[in-house]
Amino acid sequence: MSSKHFLTLFFFLLLSCNTLTSTSSSENEETFDFVRPIDRKLLGLNKKEKLSHFRFYWHDILSGNNPTTITIVQPPLKLHSTGLNAFGLVRMIDNPLTLGPELSSKLVGRAQGFYASASQEEIGFLMTVNFAFIEGKYNGSTITILGRNPALNKVREMPVVGGSGLFRFARGYAQATTHWVDLKSGDACIEYNLHVFHY
Ligand SMILES: *[C@@H]1O[C@H](CO)[C@@H](O)[C@H](O)[C@H]1NC(C)=O
């Protein structure tokens, strides 16, 4: 065997060795490829997917000394805005979510995120909101919605786009209906019904 061939063989063996070590390495090591298929059992996803219905009340509190909804961007221009739709308005929220429609009823979580007036023709908000739950085993888990909310419609439907904790791989939809609204202050109580697939 010529030295050139010997070298080739040597490097070939070296490479095979490397391959062997990396495929046998445990999943916790950082040597695995960028992406790989894994068994769904490893994430507990072999269990049957559940379908759950959640109902709670969302409180937009703009008035008083402790508002939970604050305007962070005023509609920049009168242009394209009839005044009613306030196109361009952005509000940040950290709204209490309660079991019943009374603010004093049991707190089950908070709606954190923002909504923005994204329609020039009517009142139509872009909703970007995480439901951060504190109730029972759901404490610390979140559900995220992202959707369109034509607030004057009786029922507004928004996609549930995902979640964390017990709501990993969640998908579904949320329906919002206004329980009451004070048009003067902007304070409102909204009933939310969520239908969510999760594990
Ligand atoms: C939720 O979890 C947090 C952090 O683990 C804990 O401090 C809090 O007391 C829990 N809340 C409820 C209502 O169980």
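Author: Strands (E, at least two residues) are DSSP runs, numbered from the N terminus. This is a predicted model, where local features need pLDDT of at least 70 and side-chain atom pairs count only at pLDDT 80 or more. Residues are numbered from 1 along each chain, and side-chain values use heavy atoms, without hydrogens or water.

Reader: Thanks! How many residues lie between β6 and β7 in their hairpin?

Author: Six residues sit between β6 and β7 there. Strand β6 (residues 142-149) and strand β7 (residues 156-164) are antiparallel, with four bridges. In one of them, Thr-144 is partnered with Gly-162 of β7.

Reader: And how many bridges join β7 to β8?

Author: Five, and β7 runs antiparallel to strand β8 (residues 171-181). Pro-159 has Tyr-173 in β8 as its bridge partner. β7 and β8 also form a hairpin with six residues between them, and Gly-165 in that turn has a positive phi of about 65 degrees.

Reader: New topic: is Glu-191 buried or exposed?

Author: Glu-191 is buried, because its relative accessible area is 18%, and buried means under 20% (1.4 Å probe, protein chains only). Glu-191 belongs to strand β9 (residues 188-198).

Reader: Which side chain does the side chain of Glu-191 make a polar contact with?

Author: That of Tyr-57, at 3.4 Å. A polar contact is a pair of N or O atoms within 3.5 Å; within protein, one must be able to donate a hydrogen and the other to accept it, and residues adjacent in sequence count only if both atoms are side-chain atoms.

Notes:
Buried < 20%, exposed > 50% of the residue type's maximum accessible area, 1.4 Å probe, protein only. Pairing = 2+ DSSP bridges.
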